[in-house]
Amino acid sequence: MASVGNPQDDPRTAAGRVALIAGGTGPIGVATARALSARGAQVVVLYRNRSEIAEGLVAELGAQSTMAIRADVGDPGDLNAAVAAAEERFGPVEIVVNAAHPHQPPVAVADATTDQVRTEFDAVAAHASLCSRVVPAMRERGYGRIVYVSGALMSRAVPGFGLYGAAKAAATTLTRYVAHEEGRHGILAGIVAPGRVVDPADDLEPSPEMAEAARHLLSRMALPVFPTSDEVAEAILALVETTSLTGQVLWVTGGEPIWS
């Protein structure tokens, strides 16, 4: 039987594990860092921008168990150096949550430039590289958890988001393959796919078009409010703290019916 890194730890909990969060300064990344820290994990926050948020998380969660690293996950050198720094500080990475994705304005597929297409799909290559970097050590330890943060737009079409949806679908498929290929090594991989996420602190005034789209989306949902980042983090924890769920997509959409 394969052993886990800390045999005394329950493999169904994140306690004592080293957790790396790519895209750690976005709303979902921040909520996930807090959730994993509350479970007793040592948290590594990877970020490209918003250093003040990263530094604030370290101060909030404690420098003894949290570190922030500026890194471009899409750059192989940056990625390798970031994971190496995490390993040197805390030990092998056992949990990975990838919430990183570039932000681009909506564009119709037929109007997209080659650079816009490449930008979206570079994120798919980055996800594959991240998995490649951490999986060998997970195999050695007989334990690993990988969670990819996808999106409902990979299945629910909204004009202008075709490139984003296609990239999210591609990385989702890669993650499901990782689950299939690595399960016998004790590595579980899953996907959380949020719909629209609205946090209580959000103070952006939506445009009339966005407000109308929100009303339409709410009419399709089973629940009366949109999910929050904290609720997305709860779904991520469900895929981390499990011994049986792998290769699954958890739709965090307030009960919006999405079939795939």
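Serine 37 is located in helix α1. This is a predicted model, and the values below are computed from it. With a relative accessibility of 18%, serine 37 counts as buried, since the cut-off for that class is under 20%. Apart from residues up to four places away in sequence, serine 37 touches Val43 and Leu61.

### α1 and α2

Two packed helices are described by the angle between their axes and the distance between the axes. For α1 and α2, the packing angle is about 15 degrees and the axes are 11 Å apart. That angle makes α1 roughly parallel to α2, because angles under 35 degrees count as roughly parallel. The crossing of α1 and α2 is right-handed, and the contact is made by Val30, Ala33, Arg34 and Ser37 on the α1 side and by Ile53, Leu57, Glu60 and Leu61 on the α2 side. By class, the residues of this contact of α1 with α2 divide into five nonpolar, one polar and two charged.

Which residues of helix α2 are buried? In this helix, which spans residues 51-61, they are Ala54, Leu57, Val58 and Leu61. These residues cover an arc of only 100 degrees around the axis, which means that they lie on the same side of α2. The cover over the buried residues of α2 includes α1 (27-38), β2 (42-47) and β3 (66-70). On the face of α2 turned away from its buried side are the exposed residues Glu52, Glu55 and Ala59.

Backbone angles on either side of α2 also deserve a note. Most residues other than glycine have a negative phi. Arginine 50, in the loop between β2 and α2, has a phi near 60 degrees, a positive value in a residue other than glycine. At 39% relative accessibility, arginine 50 counts as partly exposed. Just after α2, glycine 62 takes a positive phi of about 110 degrees.

### Contacts of α4

Helix α4 (residues 114-141) and helix α5 (residues 162-182) have axes that come within 9 Å and cross at roughly 15 degrees. The two helices are therefore roughly parallel to each other, and α4 passes α5 in a right-handed crossing. On the α4 side the contact is made by Gln116, Val117, Glu120, Phe121, Val124, His127, Ala128, Cys131, Val135 and Arg139, while α5 contributes Leu163, Tyr164, Ala166, Ala167, Ala170, Ala171, Leu174, Thr175, Val178 and Glu182. The residues of the contact of α4 with α5 divide into 14 nonpolar, three polar and three charged.

Helix α3 (residues 76-90) also packs with α4, their axes coming within 11 Å and crossing at roughly 35 degrees. Here too the crossing, of α3 past α4, is right-handed. The contact is made by Leu79, Asn80, Val83, Ala84 and Glu87 of α3, together with Ser129, Leu130, Arg133 and Val134 of α4. By class, the contact of α3 with α4 has five nonpolar, two polar and two charged residues.

| Helix pair | Angle between axes | Axis distance |
|---|---|---|
| α1 and α2 | about 15 degrees | 11 Å |
| α4 and α5 | roughly 15 degrees | within 9 Å |
| α3 and α4 | roughly 35 degrees | within 11 Å |

### Two residues of strand β5

Glycine 144 has its place in strand β5, which covers residues 144-149. At 0% relative accessibility, glycine 144 counts as buried. Not counting residues up to four places away in sequence, glycine 144 touches Glu94, Met138, Gly186, Ile187 and Leu188. Glycine 144 and proline 200 lie 56 residues apart along the chain, and their C-alpha atoms are separated by 33 Å.

Tyrosine 148 lies in strand β5 as well, and at 2% relative accessibility tyrosine 148 counts as buried. Although tyrosine 148 and alanine 99 are 49 residues apart in sequence, they are 6.6 Å apart in space, C-alpha to C-alpha. Leaving aside neighbours within four places in sequence, tyrosine 148 is in contact with Asn98, His101, His127, Ala167, Lys168, Ala171, Thr172, Thr175, Gly190, Ile191 and Val192. Among these, His127 is also a residue of α4 in the contact with α5, and Ala167, Ala171 and Thr175 are residues of α5 in that contact.

Notes. Residues are numbered from 1 along each chain as its sequence is written. This is a predicted model: local features need pLDDT of at least 70, side-chain atom pairs count only at pLDDT 80 or more; totals for chains, interfaces and linings use all residues. Side-chain values use heavy atoms; hydrogens and water are left out. Buried means under 20% relative accessible area, exposed over 50%, partly exposed in between (1.4 Å probe, protein chains only). Helices (H or I, at least four residues) and strands (E, at least two) are DSSP runs, numbered from the N terminus. The arc is that of the directions from the helix axis to the C-beta atoms. Contact means heavy atoms within 4.5 Å. Axes are lines fitted to C-alpha atoms, for helices over the stretch in contact, and angles run from 0 to 180 degrees between N-to-C directions. Angles under 35 degrees count as roughly parallel, over 145 as roughly antiparallel, 65 to 115 as roughly perpendicular and the rest as oblique. A crossing is left-handed if the near helix is turned anticlockwise from the far one by less than a right angle, and right-handed if clockwise. Ala, Val, Leu, Ile, Met, Phe, Trp, Tyr, Cys and Pro count as nonpolar, Asp, Glu, Lys and Arg as charged, and the others, Gly among them, as polar.
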